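This report is for a reader who is new to the structure shown below.

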Amino acid sequence: MIDDLDLGFDEQERGEKGRHRRGFVNRRNGKSGGKSGGGHGKTIFALFMALVLLGGIGGGAFYGFDRIRNHFVTPDFDGPGTGEALVDVKQGDTATDIGNSLYDAGVVKSTKAFVEAADDNALSKNIQVGRYKVRKEMRATDALALLLDPKSRVVNGVTIPEGMITLAIYDLLAKETKIPVAEFKAAAKDPVKLGVPEFWFNRKDGKKGPRSLEGFLYPATYELPPKATAPQILSLMVDKFLDVTGEMKFVETVEADRGISPYEALITASIAQAESVNHEDMPKVARVIYNRVYTDRYHCKCLEIDSAINYWLRLQGKDPKDSDILKQSELNDPRNPYRTHGADGLTITPISNPGEDALKGAMSPPNGTWVYFMTIDKKGTMGYGTTDAEYRGLIRKMCTNGVLSGENCR
């Protein structure tokens with residue numbers, strides 16, 4: 001009898017692909033059809049009949065009712081969402097197709113939630129084919145609102161990954177826009193002209209270095225205006241950096257809590273981004289950097305990190321090298337302006353373009369006395385230490401797990 005009511009306990013949450021397909025397509029094509037006249041009535045009747053049947057089962061009634069209730073309560077997130085996701089709407093997509101894409105991208109909690117939101121909003125037929133920038137874990141109605149907002153549509157989008165260096169960004173932008181790399185390099189020679197405020201290049205540590213655009217090209221997805229020039233595109237990315245750091249009060253917090261310049265904190269964030277495999281390690285790595293450079297806990301006020309050396313190699317068009325094959329002559333090369341072995345202080349510029357987590361980690365790192373951080377396995381797990389004994393223990397773990405080899409493990 002329950003089966004005859006078509007309650008569909010085994011139906012997947014992505015749900016109801018056939019039921020909503022035809023009506024949505026008709027509405028998008030300008031035809032009538034709207035909602036199925038008896039859809040809600042049938043649902044209520046089915047629920048009522050199920051309750052009547054389950055009422056005679058005695059103690060099992062509560063369990064059965066719970067199953068039915070969960071079936072009829074559509075899974076949906078209850079917030080506006082966080083982060084960023086890209087979703088494509090293709091020609092001929094139904095509400096279910098779009099809902100599936102949103103579900104697969106982690107935007108909505110269930111396809112059914114989006115289908116119901118589309119059914120309840122006559123404007124859903126106006127969703128256009130294209131790529132949309134939305135947020136993860138959104139309420140279905142909010143996701144629909146973004147798909148109907150022309151500002152969410154990525155007309156000519158390009159995504160800049162976290163930690164990418166400027167030279168690699170220029171290559172990526174040139175590929176996407178057909179603008180020569182040389183034009184991006186030429187525009188980058190004057191970061192202030194692109195919108196970086198002069199004060200960002202002030203330092204309290206006395207170090208001198210070039211005014212580099214490195215660190216100011218915020219990693220995100222950008223919708224590029226038609227016929228945008230290289231300076232305009234780079235300015236968009238600088239503006240995004242200023243917006244993000246402004247919202248988190250990066251400058252004010254660093255100056256008040258860290259006692260260093262915002263540029264020094266940006267350099268620290270870029271190093272934490274380059275050295276960390278997992279985002280949760282970025283704040284601790286930032287703390288290690290501060291402990292090495294600004295305290296007396298380490299044997300020198302130097303960084304002694306390989307990522308800075310590899311950055312210099314990449315600036316010269318060379319491939320980066322693993323730690324266990326870098327030579328002492330390369331580590332201590334006096335011609336390398338990014339040398340961190342035998343040279344005190346931070347690097348002369350940032351060495352990557354950090355994302356939000358790295359910036360927050362450099363702005364507000366956890367308390368700790370660590371002066372060592374090492375990737376101790378091939379999964380990217382980070383280990384930390386304060387003493388020489390802890391350092392040797394980390395080295396043994398690296399050798400055991402195959403991260404280090406050769407001379408380092410003898």
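How many aromatic pairs does the structure hold?

## Basis

This is a predicted model, in which local features need pLDDT of at least 70, side-chain atom pairs count only at pLDDT 80 or more, and totals for chains, interfaces and linings use all residues. Residues are numbered from 1 along each chain as its sequence is written, and side-chain values use heavy atoms, with hydrogens and water left out.

## Aromatic contacts

The structure holds 15 aromatic pairs. Rings of Phe, Tyr and Trp (its six-membered ring) pair if their centres lie within 6.5 Å; planes under 30 degrees apart count as stacked, over 60 as edge-to-face and the rest as tilted. One of the pairs is formed by Tyr-170 and Phe-184, which are stacked at 6.3 Å centre to centre with 10° between the planes. Tyr-170 belongs to helix α7 (residues 166–177) and Phe-184 to helix α8 (residues 181–188), so this pair ties together parts that are 14 residues apart in sequence. Helices (H or I, at least four residues) and strands (E, at least two) are DSSP runs, numbered from the N terminus. Tyr-170 counts as buried at 4% relative accessibility, and Phe-184 does so at 0%; buried means under 20% relative accessible area, exposed over 50%, partly exposed in between (1.4 Å probe, protein chains only).

The ring centres of Tyr-311 and Tyr-338 are 5.0 Å apart and their planes are at 75°, so this pair is edge-to-face. Tyr-311 is in helix α13 and Tyr-338 in the loop between α14 and α15 (356–363), 27 residues apart. Tyr-311 is buried, with a relative accessible area of 4%, and Tyr-338 is buried at 5%.

## Strand pairing

Strands β1 (residues 82–89) and β2 (residues 130–136) run antiparallel and are joined by 6 bridges; two strands pair if DSSP finds at least two bridges between them. Ala-85 has Val-134 in β2 as its bridge partner. β2 is also joined to strand β3 (residues 153–154), antiparallel, by 2 bridges, with Tyr-132 opposite Arg-153 in β3.

## Largest pocket

The lining of the largest pocket has 41 residues, and Glu-275, Ile-305, Asp-306, Ser-307 and Ser-323 lie nearest its centre. On a 1 Å grid over the protein atoms alone, a pocket is an open set of points where a 1.4 Å probe fits, with protein on both sides within 12 Å along at least five of seven lines; lining residues have an atom within 4 Å of a point. Helix α13 gives the most to this lining, with 5 residues.
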